Amino acid sequence: MTGTLGAVTKIVIIGGGPAGTTCATYAARFGAEVVLIEDQIIGGAAHLLDCVPSKAMIATGGAMAFLQRSEGMGLEDVDPRIDPAALGLRLSGIRNRLSGSSSSLLESQGVRIIDGRGSFIDPHTVLANHNDGTVEEIQADVVVLSTGSRPRIPDWCEVDANRILTTRDAYPPDEIPEHLVVVGSGVTGVEFVHMFTSFGSKVTLIVSRQQVLPGKDPEVAAVLEADFLNRGVNLLKGARATTIEVEDDGVLVLCDDGRKVQGSHALLAIGSVPNSDGLGLDKAGIETEWGYVTIDDDCRSSVAHIYAAGDLSGKLPLSSVASMQGRKIAETIMGRATHGANRVDYDKAASAIFTEPEIADVGLAEADAFAEGRKIRVTKVPFATSAKALINDDSRGFIKILSDPATGEVLGGSIVGRHAAELISVIALAVTASLTVRDIYDSLLVHPTLAELITDAAE
Ligand SMILES: Cc1cc2nc3c(=O)[nH]c(=O)nc-3n(C[C@H](O)[C@H](O)[C@H](O)COP(=O)(O)OP(=O)(O)OC[C@H]3O[C@@H](n4cnc5c(N)ncnc54)[C@H](O)[C@@H]3O)c2cc1C
């Protein structure tokens with residue numbers, strides 16, 4: 001517990017994304033006096049610019065794709081068209097509702113929200129530059145940094161937010177690109193390929209290696225590549241973009257091996273950089289690595305009373321992880337943590353890629369088990385064996401469960417297929433709670449559902 005015995009702990013949190021808002025809510029609930037400084041929108045980039053709008057656009061694209069495949073459902077041909085203005089309203093509606101409910105929750109817990117930017121004056125003093133032009137110095141027992149990250153823009157191209165876009169310029173773009181060239185084939189890149197292919201754009205994906213989603217299970221990546229090729233995506237493998245030029249009414253992307261691609265627009269999806277500049281970290285003596293605040297297992301920085309969470313901490317860049325770190329920090333500060341047992345277990349974080357089919361995994365990966373020489377049992381069932389998959393007219397994909405051959409403990413799993421991001425929760429719960437395959441296949445689930453496939457895979 002931090003602060004003088006008997007006195008209220010004063011916490012200043014800079015950055016109101018999932019990490020900052022969760023930390024603020026819990027710390028206030030536990031009795032702290034909390035000030036949250038956020039310069040754009042409560043809910044953070046997750047609500048405004050990244051996670052939520054991208055998934056909302058993908059859901060719209062998914063609805064279009066579903067209607068286009070209506071024949072398989074016994075319907076007449078439907079030809080949906082995108083309305084960028086209506087889509088824009090849909091995105092702002094979702095954002096405002098989410099941000100409004102987060103703000104109400106914080107206010108109901110007594111959190112003071114400052115609309116502005118925060119930075120250090122010294123290790124215990126934060127300067128709040130209010131967006132109305134006023135400034136304020138705030139004393140803190142504890143400071144939590146959760147300012148997130150932003151798209152990486154390389155020095156070999158100039159983003160104009162018109163022809164050359166980052167992911168944040170695409171919600172939605174003024175016009176649906178006729179031919180989008182996506183640079184980067186990691187999670188974000190493939191989600192945007194899927195999104196714009198669904199909207200009817202022709203898409204070229206520049207893949208620096210020989211496989212999309214480098215580092216992922218090759219079997220999983222192969223299913224996605226097959227879907228992309230089926231939908232007419234041009235995969236340019238083994239190429240790195242080195243320049244992007246704006247031409248009259250389009251872009252020209254040049255690659256290191258001499259290949260050139262002409263398109264109407266280019267979209268960069270080549271990672272992110274931390275929002276640590278401008279925080280005055282040097283005034284507080286905080287150590288960083290590549291701009292990310294270095295933290296220990298309790299999310300504590302090199303300065304004992306200063307914590308960092310979310311993308312700024314350089315751990316897994318996921319909204320869910322950011323929120324979990326935020327809650328654990330609140331528990332640690334307020335003396336609610338069981339030391340050691342209360343740490344974020346990054347190895348057990350479930351993650352998903354919202355393509356079609358969806359891809360999700362959790363826990364131990366098959367390739368890692370193989371590399372470690374670890375004995376595991378792998379069981380796999382295809383979606384094609386599921387009654388619900390046939391009812392849905394979509395039997396692409398499979399479910400794989402990894403378990404300990406001696407004890408049956410569930411160690412990990414991956415799912416490729418419809419609703420994979422929802423279905424993985426069952427395996428994630430098993431991994432977190434150290435359940436066995438028997439615990440899963442003894443569960444009586446609803447029939448017909450896709451979740452039944454998980455019990456089949458566990459047998
Ligand atoms: C395209 C895309 C899609 C994604 N999809 C998913 C997904 O499906 N699922 C998932 O789990 N994750 C997803 N992510 C990752 C997720 O968005 C991030 O991990 C998450 O937003 C990190 O939360 P955070 O709390 O660290 O910060 P953020 O959400 O980045 O919020 C930080 C906030 O701090 C504010 N800020 C910055 N500097 C200051 C300052 N000096 N003073 C005051 N305020 C400041 C910013 O305005 C911002 O609002 C996606 C990311 C991208 C780029």
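## Close-up views of the model

**View A. P448 lies in the loop between α12 (437-441) and α13 (452-458).** Helices (H or I, at least four residues) and strands (E, at least two) are DSSP runs, numbered from the N terminus. The bond from H447 to P448 is a cis peptide bond, and its omega is near -5°. This is a predicted model: local features need pLDDT of at least 70, side-chain atom pairs count only at pLDDT 80 or more, and totals for chains, interfaces and linings use all residues. Residues are numbered from 1 along each chain as its sequence is written.

**View B. Another cis peptide bond joins E356 and P357.** Here omega is about 0°. Look for P357 in the loop that connects β20 (351-353) to β21 (358-363).

**View C. C299 has a positive phi.** The value is near 65°, and the residue is not glycine. C299 belongs to the loop between β18 (292-293) and β19 (306-308).

**View D. The ligand is surrounded by 38 residues.** The closest are G15, G17, G44, G148 and G310. Several elements give two or more residues to this shell: α1 (18-29), β2 (33-38), α2 (44-48), α3 (51-68), β3 (112-122) and α8 (319-333). A residue counts as near a molecule or strand if its C-beta atom, placed from the backbone, lies within 6 Å of it. By class, the shell holds 12 nonpolar, 20 polar and 6 charged residues. Ala, Val, Leu, Ile, Met, Phe, Trp, Tyr, Cys and Pro count as nonpolar, Asp, Glu, Lys and Arg as charged, and the others, Gly among them, as polar.

**View E. α1 packs with α8.** The angle is about 30°, and the axes are 7 Å apart. Axes are lines fitted to C-alpha atoms, for helices over the stretch in contact, and angles run from 0 to 180 degrees between N-to-C directions. α1 and α8 are therefore roughly parallel to each other. Angles under 35 degrees count as roughly parallel, over 145 as roughly antiparallel, 65 to 115 as roughly perpendicular and the rest as oblique. The crossing of α1 and α8 is right-handed. A crossing is left-handed if the near helix is turned anticlockwise from the far one by less than a right angle, and right-handed if clockwise. From α1, the residues P18, A19, G20, T22, C23, Y26 and A27 meet S319, A322, S323, Q325, G326, R327, I329, A330, E331 and I333 of α8. This α1 and α8 contact has 9 nonpolar, 6 polar and 2 charged residues. Two residues are in contact if their C-beta atoms, placed from the backbone, lie within 7 Å.

**View F. α3 packs against helix α4 (residues 84-108).** Their angle is about 135°, with 10 Å between the axes. That makes α3 oblique to α4. The α3 and α4 crossing is right-handed. V52, P53, A56 and T60 of α3 touch L87, R90, L91, I94, R95 and L98 of α4. This contact divides into 7 nonpolar, 1 polar and 2 charged residues.

**View G. α3 also packs with helix α5 (residues 187-198).** The angle is about 40°, and the axes lie 8 Å apart. So α3 is oblique to α5. The two helices, α3 and α5, cross in a left-handed way. α3 brings S54, M57, I58, G61, G62, M64 and A65, while α5 brings E191, H194, M195 and S198. The contact of α3 with α5 contains 5 nonpolar, 5 polar and 1 charged residue.

**View H. The protein is divided into domain 1 (10-46 + 89-151 + 273-346), domain 2 (164-270) and domain 3 (357-458).** Domain bounds come from an automatic or database domain assignment. The centres of domain 1 and domain 2, taken over C-alpha atoms, are 33 Å apart.
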